[in-house]
Amino acid sequence: MTLTLNHYLLVSGLLFAIGFAGVMLRRNIIIIFMCLELMLNAANLSLVAFSRFNLVNGLPNYNAQVLVFFIITVAAAEVAVGLAIIVALYRARQTTHVEDINSLKF
Amino acid sequence: MSPILFYFFAALTVVFALAVVANRNPVASALSLVVSFLGLAALFVGLDAYFIAVIQVLVYAGAVMVLFLFIIMLLNIRAEERRKLNLPAYAGGGLVAVAFVTQLWFVLQKFEAGKSAFPAMAETNVDDVRHVGNTLFATFNLPFQVIGVLILVATIGVIVLSKRELK
């Protein structure tokens, strides 16, 4: 039995679904943030799998790998800003539970 | 990559991703996420993307997760106590995730191009970093500069956000 592109796409989709379920189900803002990272990584996995699958002159398509590099960079910046916002929020409210943060709720 | 290794690392990644969602203790969640990222890096190695795999370990499993653990310990967040569950919200969220996986399964059944094995590469050991670097600096030079500006903006934003009072 050989590995196909579909195997990797299925793993990627499973990771994305788990991350999505975490964002929907968990109520701790830090866990929600971790699940967002999980979803970004799922996208990276499918990009790398497609890059290996579509060879250009016998080499992987490196454009996709550069895109993954950019995604990782942006995600790192996003984590830094997001965690700073969470710390500022904690300072103001002393909670990380999303149901306690509802001043914008109608 | 041999199928056994693929199944091992794919299972590792998915199981520990589930542990991130299932754990009540944020520190346990963060450590599960580290293991999940390491499994993902191994999958990248299996796809001959060595540079991306190393970056994944260094940036995600290293820097980002240290930042997460640092904030969790700084804020001294203990395990969540059980609250009354908002059942419709839980059912809705779970349903959408399950629907997504089912839909993906059926799409992949119809996706004939993805059912063939990965084509063999021209050379067996490619100098991956050289090719990625070439593409990054020759083809995508401007986006690379823009990323530099983005990181500068993020740094300044973090400093402004963590000041005690905003003026």
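Because the model is predicted, local features need pLDDT of at least 70 and side-chain atom pairs count only at pLDDT 80 or more, while totals for chains, interfaces and linings use all residues. Residues are numbered from 1 along each chain as its sequence is written, with chains lettered from A and ligands numbered from 1 in the order in which they are written.

To start with the overall picture, 67 residues of chain B are in contact with 63 residues of chain A. Contact here means that the C-beta atoms of two residues, placed from the backbone, lie within 7 Å. On the side of chain B that touches chain A, two or more residues each come from α1, α2 (26–46), α3 (50–75), α4 (87–110), α5 (128–139) and α6 (141–161) of chain B. Helices are DSSP runs (H or I, at least four residues), numbered from the N terminus. The largest share of that side, 11 residues, is given by α3(B). Sorted by class, this side of chain B holds 54 nonpolar, 10 polar and 3 charged residues. In this scheme Ala, Val, Leu, Ile, Met, Phe, Trp, Tyr, Cys and Pro are nonpolar, Asp, Glu, Lys and Arg are charged, and the others, Gly among them, are polar.

Next come the helix pairs. Two packed helices are described by the angle between their axes and the distance between the axes. Axes are lines fitted to C-alpha atoms, for helices over the stretch in contact, and angles run from 0 to 180 degrees between N-to-C directions. Helix α1 of chain A (residues 5–25) packs on helix α1 of chain B (residues 3–22) at an angle of about 5°, their axes being 9 Å apart. The contact of α1(A) with α1(B) has 13 nonpolar, 3 polar and no charged residues.

Helix α2 of chain A (residues 29–53) pairs with α2(B) at about 5°, with the axes 11 Å apart, which makes these helices roughly parallel. Met34(A), Asn41(A) and Leu45(A) are among the α2(A) residues involved, and α2(B) brings residues including Pro26(B), Ser29(B) and Phe37(B). Here the count by class is 12 nonpolar, 2 polar and no charged residues.

The axes of α3(A) and α3(B) come within 11 Å and cross at roughly 5°, so this pair is roughly parallel too. Residues of α3(A) including Gln65(A), Phe69(A) and Tyr90(A) meet residues of α3(B) including Phe51(B), Val59(B) and Leu75(B). This contact divides into 19 nonpolar, 1 polar and no charged residues. Ala76(A) lies in helix α3 of chain A. Setting aside neighbours within four places in sequence, Ala76(A) is in contact with Val59(B), Ala63(B) and Val64(B). With 18 C-beta neighbours inside 10 Å, Ala76(A) counts as partly exposed; the cut-offs are 20 or more other C-beta atoms within 10 Å for buried, 12 or fewer for exposed, and in between for partly exposed, with C-beta atoms placed from the backbone.

Helix α3(B) itself bends by about 30° at Met65(B), the bend being the angle between axes fitted to the seven residues ending there and the seven starting there. Its buried residues include Phe51(B), Tyr60(B) and Phe68(B). They pack against α2 and α3 (62–93) of chain A, together with α2 and α5 of chain B. By contrast, α4(B) is hardly covered, with a count of 1 buried residue among its 24 residues.

Finally, a few backbone angles deserve a look. Most residues other than glycine have a negative phi, and most peptide bonds are trans. Just after α3(B), Asn76(B) takes a positive phi of about 55°. Gln94(A), not a glycine, also has a positive phi of about 55°, and lies in the segment after α3 of chain A. With 9 C-beta neighbours inside 10 Å, Gln94(A) counts as exposed. Asp48(B), in the loop between α2 and α3 of chain B, has a positive phi near 60°. With 21 C-beta neighbours inside 10 Å, Asp48(B) counts as buried.

Terms used
Parallel < 35°, antiparallel > 145°, perpendicular 65-115°, else oblique.
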